[in-house]
Amino acid sequence: MSTLFERIGGKPAVEAAVDKLYLRLMTNEKVSHFFAGIDMNKQREHLASFLTYAFGGKTGYDGRSMRQAHQRLVEHLGLTDTHFDALIENIVATLRELNVPEDLIIEVAQITESVRGEVLNH
């Protein structure tokens, strides 16, 4: 069985989704403030790398843990479930815009949901 990474279209598809996702997030009133002052090129690279790993495209991830990477956002900027819900909504909308099959969107949403506790430092 092929990985989600392969089924979704590999590196080009992940990179296209990440680019479109951040365009959405940067204009979303609920979450755009979390990206103020952030190097978005680096941010795109981090997310693409993590998604490649999470979708089975590579065996390891050398970035910070989800908890470490988002701790400042939780403690100082008030990152909550409401913001995480907005992220999932924007991921789903982005993938639909890219005509990703619904079964793969569900898989992506499940993977995203699986890191909620770590991202929100629960």
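Biologist: How many aromatic pairs does a search of the whole structure find?

Modeller: The model is a predicted one, and the search of the whole structure finds 4 aromatic pairs. Planes over 60 degrees apart count as edge-to-face. The rings of Tyr 22 and Phe 35 have planes at 80° and centres 5.5 Å apart, so this pair is edge-to-face. Tyr 22 lies in helix α2 and Phe 35 in the loop between α2 and α3, so the pair links distant parts of the chain, 13 residues apart.

Biologist: Are Tyr 22 and Phe 35 buried or exposed?

Modeller: Buried means under 20% relative accessible area. Tyr 22, at 4%, therefore counts as buried, and Phe 35, at 14%, is buried as well.

Biologist: Which residues do ring pairs link into a cluster?

Modeller: The cluster consists of Phe 50, Tyr 53 and Tyr 61. Within it, Tyr 53 and Tyr 61 are stacked, with 25° between the planes and 6.2 Å centre to centre. Tyr 53 is partly exposed at 34%, as is Tyr 61 at 25%. Phe 50, in helix α3, is buried at 14%. Beyond its neighbours within four places in sequence, Phe 50 is in contact with Tyr 61, Met 66 and Val 115.

Biologist: At what angle do helix α2 and helix α5 pack?

Modeller: The angle is about 130°, with the axes 9 Å apart. That makes α2 oblique to α5. The contact involves residues including Leu 21 of α2 and Ile 91 of α5. By class, it has 7 nonpolar, 2 polar and 3 charged residues.

Methods: Residues numbered from 1 in each chain as written. Predicted model: local features only at pLDDT ≥ 70, side-chain atom pairs only at ≥ 80, totals over all residues. Heavy atoms only, no water. Helix = DSSP H or I, 4+ residues; strand = E, 2+ residues; numbered from the N terminus. Buried < 20%, exposed > 50% of the residue type's maximum accessible area, 1.4 Å probe, protein only. Contact = heavy atoms within 4.5 Å. Axes fitted to C-alpha atoms, helices over the stretch in contact; angles between N-to-C directions. Parallel < 35°, antiparallel > 145°, perpendicular 65-115°, else oblique. Nonpolar A, V, L, I, M, F, W, Y, C, P; charged D, E, K, R; others polar. Phe/Tyr/Trp six-rings, centres within 6.5 Å; stacked < 30°, edge-to-face > 60°.
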